Amino acid sequence: MARPKLQHYVTRAYLEGFVAQEGRFLVCYGRGLGPFRKQPDELAGQRNYYAMKNPDGTWDDRLEHTIDQSVESPGLPVVKKLAGGQTRLNWNERNKIAMLMAFQESRTPATRARVHESLNAFQER
């Protein structure tokens, strides 16, 4: 199995929910850019975003797989259910979507940068 080099901080499956039925692309806007079209698998990802390099030079992708298995795979069916108009969720579904939403808030590059800044400030003190 090929390793996931482009690792997403907004899951591709979530982004696909915004693609029009007749299309394959999202219309996007970047800071200082006009509109551009991209496929969901080309957006909101960075190379080896969750990967850690082992001392022997190989990549450890366990975090990427853990996120998929414990956050995305359980939560995305609940998003699809809500998008389909079914708004009555049981407690298990509420927990799954709460985990997905909370994790989404904390996984972005902006949040990662703030955490690194805070850690650096703590170390300097």
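Predicted model: local features only at pLDDT ≥ 70, side-chain atom pairs only at ≥ 80, totals over all residues.
Asn48 is situated in the loop between β4 and β5 (52-53). Its phi is near 55 degrees, a positive value in a residue other than glycine.

Ala44 belongs to the loop between β3 and β4 (45-47). The relative accessible area of Ala44 is 19%, so this residue is buried. Ala44 also has a positive phi, near 50 degrees, although it is not a glycine.

## The β2-β3 hairpin

Strand β2 (residues 26-29) and strand β3 (residues 35-38) run antiparallel and are joined by four bridges. Together β2 and β3 form a hairpin, with five residues between the two strands. In the turn, Gly32 has a positive phi of about 75 degrees.

## Packing of helices α2 and α3

How do the axes of α2 and α3 cross, and at what angle? The axes of helix α2 (residues 62-83) and helix α3 (residues 91-106) come within 8 Å and cross at roughly 115 degrees. Angles of 65 to 115 degrees count as roughly perpendicular, and α2 and α3 are therefore roughly perpendicular to each other. The crossing of the two helices is left-handed.

On the α2 side, the contact is made by Ile67, Ser70, Val71, Glu72, Pro74, Gly75, Leu76, Val78, Val79, Lys81 and Leu82. On the α3 side, Glu93, Lys96, Ile97, Met99, Leu100 and Phe103 take part. The residues of this contact comprise 11 nonpolar, two polar and four charged.

## Lys80 in helix α2

Helix α2 also contains Lys80. Is Lys80 buried or exposed? Its relative accessibility is 58%, so Lys80 counts as exposed.

Lys80 and Arg125 are separated by 45 residues in sequence. In space, the C-alpha atoms of Lys80 and Arg125 are 46 Å apart.

Key. Residues numbered from 1 in each chain as written. Heavy atoms only, no water. Axes fitted to C-alpha atoms, helices over the stretch in contact; angles between N-to-C directions. Parallel < 35°, antiparallel > 145°, perpendicular 65-115°, else oblique. Left-handed = near helix turned anticlockwise from the far one by under 90°. Contact = heavy atoms within 4.5 Å. Nonpolar A, V, L, I, M, F, W, Y, C, P; charged D, E, K, R; others polar. Pairing = 2+ DSSP bridges. Buried < 20%, exposed > 50% of the residue type's maximum accessible area, 1.4 Å probe, protein only.
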